[in-house]
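Please read the following walk through a model with its sequence and coordinates at hand. The text moves from confidence to a sheet, then to a helix and some individual residues.

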Amino acid sequence: MPQSNETLSRRDWLRFAAAPALLPLSSWILPRLALAAPRNDSQRSLAKGKGCIMIFMKGGLSQHHTFNVPERDQPVPTIETSVPGIRIAESFPSFAKQMHHVALLRGMSTGNSNHEAADHLMHTGYLPNPSVRRPSTGNVASEQLGRLDADLPNFVYIVGGSVDGLGVRPHRPHPGYVGARHAPVTVEDPGRGLEFMQPGVGMAEFDASANLINQLNRRYLDTYQSPGAGSQHAATQKALQLLHSNKAGAFDLGKESPATIEAYGTAHSFGKACLLARRLVEFGVPFVEIMVNGWDDHGGAQKKIPGRTYIDQGMASLLADLHDRGMLESTLVMCLSEFGRTPNLGTGYNQSLGSGHYAKAWTAWMAGGGIKGGQVIGKTDDGGAEVIERPISAQEFHATVCQSLGLDPRKQYETPDGRPMQYLENSAKPIAELF
Amino acid sequence: MLRLQLSACVLVLFSSGHVLSQETSGSERVPDFGRDLLPILTNKCLQCHGGVHRKNELDLRTHASLLKGGKTGPAVKPGDVKASLIWEKVSTDKMPKTDLKLTAEERAILQGWIAAGARPPASADTPPHHEQSVPRKPAEVAAAIDRGIEEQLKRAMIPPSPIAADSEFLRRVYLDIIGRIPRLDEARQFLESKEPDKRSRLIDDLLSRPDYGRHFAEIWINIFNVFRVNDKREPNAAGFRDWMGNKLNDGVGWGEIVHEMLAVNVPSFKEKGNNKVIPVEAQYFVYTAQNMGQLDPVTTTSVTAQVFMGIGLHCAECHDHPFQDFEQTDYWGMAAFFGGLGGNGVPNTTGLSDEPIVIKSGKPPTMVTLNIYSEEARHRNTRVQARFPGGPPPTLDPLKDRRRAAFADWLLAPENPYFARTYVNRIWGQFFGHGFVADFADFNKTSPPTHPGILRLLASEAIASKFDQRHLIRCICNSQTYQRTGKPLPGNKNDGKLFSHMTGKVLSPEALYDSLCTVLEVPEIPVPKPETGKGKKAPPTQPDPREQFAKFFRGMSAVQDPTEFVTGVPQSLRVLNQPVFNKGGALVERLMKLDARPEAMIENLFIAAYARLPLAEERADFVAFARSHPEPREMYNRLLWALVNSSEFSLNH
């Protein structure tokens with residue numbers, strides 16, 4: 001149902017956005033009135049994770065050609081990794097050297113192999129349901145970890161390009177019931193970051209005229225009370241706040257050394273997306289999602305995946321760099337897809353190895369953020385068709401993210417029409433072996 | 001006692017937003033299956049007892065299936081609450097098994113409905129039929145609209161807001177009909193005119209401008225694009241826009257345009273291969289429904305059902321519809337009209353050929369059929385016959401007739417139950433920010449129209465006028481309902497359904513672009529130059545500035561709810577800081593030559609940006625800023641910059 005993904009129900013913007021208009025105009029501080037009750041800090045301090053980089057391989061990454069090469073009819077050669085006994089596809093040599101940081105989750109078993117539904121499931125923990133719009137992990141992290149008065153957005157969504165030029169329409173993280181202020185700021189091209197950061201006039205003059213905007217908006221909001229005006233005003237305020245911030249350079253890759261940029265890779269925007277994600281987390285953005293489209297390799301995984309060496313390079317550099325900077329312990333990095341691809345099921349359409357969608361047994365990975373690396377959780381049979389040890393459901397996956405980041409999976413929210421909502425099911429348990 | 005309790009809570013329900021249909025307003029307020037009960041069942045029961053899961057073989061989606069019941073017998077004994085199985089389960093909280101039990105109000109509705117005989121749904125939402133052969137005068141239709149709206153407001157005890165001032169109407173009707181704000185001279189001319197019928201003249205004037213066709217073509221293209229499976233847009237949208245825009249400007253009916261788009265000839269998969277065809281003009285529509293670069297009858301079916309029929313049939317592609325009365329065979333029966341032709345000359349799910357079936361060997365088919373392709377369903381690999389949704393099989397000679405054309409004939413016939421209502425609801429929603437039915441693409445029984453009478457009236461006008469879009473727009477825009485102010489009253493500020501005041505709509509990316517060019521008096525908002533060098537290759541061709549701007553402001557989202565502001569910080573930064581917005585365009589320079597006194601300048605800037613005069617307070621703020629600034633030209637640039645960055649500029653109220 002494509003239309004379920006897109007629009008934001010921003011009814012609560014008005015409530016939220018009406019507040020700043022009444023504040024002294026010299027301050028660009030967003031609504032203190034609207035700040036949620038102070039978070040429970042004791043709970044936060046238990047958490048090991050402080051930031052998260054989620055790499056989403058949109059389309060269905062083939063586990064058989066990457067991180068769980070089946071022993072039977074091995075489609076690609078495998079190599080040793082930095083952890084004896086763990087082998088992955090040979091086209092990931094740099095990532096293999098980081099394996100001691102990484103936990104491979106080879107028992108992902110999530111039950112839905114429709115792009116949209118499964119994408120929704122892996123972003124929110126639930127299949128789509130027309131009666132309630134669920135927030136994605138990034139939206140929840142923004143709500144639970146972010147500060148409303150932060151200069152930088154609490155959730156940045158980076159479009160990391162496509163690996164084959166095509167793309168399936170991705171699930172756009174929707175804040176749902178956690179509220180529109182937790183919608184992500186989208187960076188369409190990581191190499192360009194956020195543009196238009198230079199005011200055309202001196203700052204004093206800029207502020208004086210921006211003051212007029214505030215005066216106009218206050219009257220307009222009072223008179224028309226429309227939600228669209230509330231969100232327009234809030235977006236302008238956020239932009240003005242960012243322009244005044246000493247953190248505005250967070251989006252600028254030009255501030256990185258050429259050597260670093262080179263290390264992450266320049267052949268594809270994925271490398272830049274990884275580097276930008278690291279910068280943003282370093283500057284205090286709690287959640288960054290990188291969406292890499294184009295993995296829907298019907299029949300083509302075998303030929304195409306080995307050529308995408310920039311993926312190996314970007315992921316490996318990200319882990320190594322976070323580690324070198326002492327940030328890996330506090331940053332959860334995860335890589336997932338909406339599902340994996342079929343094992344060898346026969347010769348029919350979408351039956352051959354790696355061609356069709358397959359949600360029954362696939363592979364994701366996590367690193368950092370308090371995760372014990374260098375291990376494999378879960379096991380498939382020698383053809384990669386069935387999980388024979390430690391299956392992981394979507395809810396368990398999300399509960400694990402909560403555990404790492406210190407999110408409360410049982411937090412109670414309310415939908416705009418007053419329906420009580422809990423983030424994850426009571427039954428959702430984190431994967432204990434990871435911690 | 002029971003009855004008393006019941007009517008009290010039913011009243012509460014209605015006053016909090018549920019609206020009685022006009023047809024039943026006089027009669028006793030007994031809960032209706034469709035209007036009152038089905039929404040409850042949908043939210044709380046159909047997850048397990050619907051089209052996908054049918055625990056104990058119980059299906060609660062329709063009145064008939066509810067009465068039939070499941071393994072343990074009928075769910076309801078009409079007239080006898082206590083003997084009804086569903087009541088026993090629900091009143092004791094045995095059901096639903098989740099934590100979402102029925103509330104006291106919901107129980108009362110169920111109770112009341114059973115007690116009153118468990119009757120089938122009222123026909124409040126029966127499809128409109130053509131009731132007249134010639135369209136009425138727009139003024140008459142507008143008056144009928146107003147009567148219907150006011151009646152509902154009165155019943156809900158919600159006061160309507162007053163009629164908008166000329167300036168508010170002016171800016172609104174420009175944005176709604178031609179997709180941009182009025183120029184300074186256009187605004188002055190209208191505001192100064194003393195003609196009593198100047199509003200209706202302006203409506204006619206705007207409908208006769210070429211920008212009207214272009215604006216509505218873009219509206220439709222954006223609607224189609226909501227349903228795209230691929231993220232990639234076709235390069236040729238401009239050709240399609242011009243084709244459709246010209247048709248609309250020439251007064252070609254919407255029905256004829258849709259017929260052409262559905263029945264258009266496209267090269268078969270075999271002829272052209274996969275990705276090679278650049279769609280032109282009418283072909284673009286079926287290309288929006290392509291899947292991974294292939295023309296695809298399945299996606300075309302889903303999109304057609306949603307966009308032109310207002311039914312969520314796509315849910316029934318893989319399984320029976322979980323919440324509505326559509327079986328998987330309904331979906332595939334419709335898809336059979338869109339199937340391509342396989343090597344054996346039999347329709348299949350590849351490509352979209354509309355050539356008659358050719359048989360190379362074997363027995364010629366007597367009907368059009370399609371194999372259900374589905375991984376997880378009870379109907380897997382069943383061959384279904386082409387069938388109109390909710391209707392009979394077509395009389396179609398598979399060896400002679402064109403299948404898509406036959407479908408389009410059926411869809412656009414005056415008696416078709418789906419097309420007209422879906423169309424007028426869309427157009428109405430375009431002007432009011434929301435339709436009579438909230439989901440433009442899904443007229444399901446759980447959300448009946450707020451104003452079934454007006455929906456029927458407009459559908460009937462649409463049919464009688466052969467879907468003359470200008471006629472429909474005249475009827476809408478000449479109504480008082482459309483011409484009310486967007487300023488809510490204390491008594492109607494919470495109303496978002498009954499049209500007591502105009503809803504604030506956000507300018508579409510294209511309208512924002514055109515309005516920015518209009519106010520600045522510049523030919524274009526330039527495409528920003530890529531950041532300097534660093535090995536980044538310049539793109540081979542410069543994108544069209546308007547397209548680039550619209551893409552940037554649309555982001556990845558396909559905008560459909562016109563009341564939502566979906567853009568954020570990156571877009572705000574562009575209007576704050578792109579140099580073109582700091583320079584005052586050609587407007588400031590021109591105005592300074594005209595009359596450089598601060599009061600006159602400020603007044604003109606307000607009219608140029610907002611189509612209205614400044615309020616006293618605003619005048620004072622702007623004059624104060626003007627006095628504090630040493631350099632007039634730069635100062636007026638800043639004033640204009642503030643106006644275009646304000647909320648009011650981005651909104652249509």
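The paragraphs below take up chain A and chain B in turn.

This is a predicted model, in which local features need a pLDDT of at least 70 and side-chain atom pairs count only at pLDDT 80 or more, while totals for chains, interfaces and linings use all residues. Residues are numbered from 1 along each chain as its sequence is written, chains are lettered from A and ligands numbered from 1 in the order in which they are written, and side-chain values use heavy atoms, with hydrogens and water left out.

Confidence is the starting point, expressed as pLDDT (the predictor's confidence in each residue, from 0 to 100). Chain A averages a pLDDT of 86, and 88% of its residues score at least 70. Over residues 1–49 of chain A, however, the pLDDT stays under 50, and for this stretch the model has 125 contacts beyond four places in sequence, a contact meaning heavy atoms within 4.5 Å. Chain B averages a pLDDT of 83, with 81% of the residues scoring at least 70. Over residues 1–27 of chain B the pLDDT is below 50, and this stretch has 40 contacts in the model beyond near neighbours in sequence. The pLDDT is also below 50 over residues 532–536 of chain B, where the model has three contacts beyond near neighbours in sequence.

In chain A, the element to trace is an open sheet of eight strands with mixed pairing, whose order is β6-β5-β7-β1-β8-β11-β4-β12. Its edge strands are β6 (185–187) and β12 (375–377) of chain A, each of which pairs on one side only. The twist averages 20 degrees from one strand to the next, where axes are lines fitted to C-alpha atoms, for helices over the stretch in contact, and angles run from 0 to 180 degrees between N-to-C directions. Strands (E, at least two residues) and helices (H or I, at least four residues) are DSSP runs, numbered from the N terminus, and two strands are said to pair if DSSP finds at least two bridges between them.

How many residues of strand β8 (residues 331–337) of chain A are buried? Seven of the seven are, so β8(A) is largely enclosed by the rest of the structure; buried means under 20% relative accessible area, exposed over 50%, and partly exposed in between, with a 1.4 Å probe and protein chains only. T331(A), V333(A), C335(A) and S337(A) point one way from β8(A), whereas L332(A), M334(A) and L336(A) point the other way, and all are buried. Strand β1 (residues 51–57) of chain A pairs with β8(A) in the parallel sense over seven bridges, and there C52(A) stands opposite L332(A). Strand β11 (residues 362–367) of chain A runs antiparallel to β8(A) and is joined to it by three bridges, with M334(A) opposite M366(A) in β11(A).

Chain B has 29 helices and six strands. Of its 653 residues, 58% count as buried, and among contacts between residues at least 6 apart in sequence, 69% join residues at least 24 apart.

Helix α19 (residues 452–464) of chain B has 13 residues and reaches 18 Å from its first C-alpha to its last, close to the 18 Å expected at 1.5 Å a residue, the expected span being 1.5 Å times one less than the number of residues. Eleven of the 13 residues of α19(B) are buried, and the helix is mostly covered. Those buried residues pack against α6 (138–156), α18 (419–432) and α20 (469–477) of chain B; among them are P452(B), I454(B) and L455(B). After α19(B) comes K466(B), whose phi is positive, near 55 degrees.

Some loop residues also deserve a look. Most residues other than glycine have a negative phi, and most peptide bonds are trans. F196(A), in the loop between β6 and α6 (203–224) of chain A, has a positive phi near 60 degrees and is buried, with a relative accessible area of 14%. N56(B), in the loop between α2 and α3 of chain B, has a positive phi of about 55 degrees and is partly exposed, with a relative accessible area of 46%. T62(B), found in the loop between α2 (33–44) and α3 (63–68) of chain B, is buried at 16% relative accessible area and touches F33(B) and D325(B), not counting residues up to four places away in sequence. Finally, a cis peptide bond with omega of about -10 degrees joins M95(B) and P96(B), and P96(B) is found in the loop between α4 (85–91) and α5 (104–115) of chain B.
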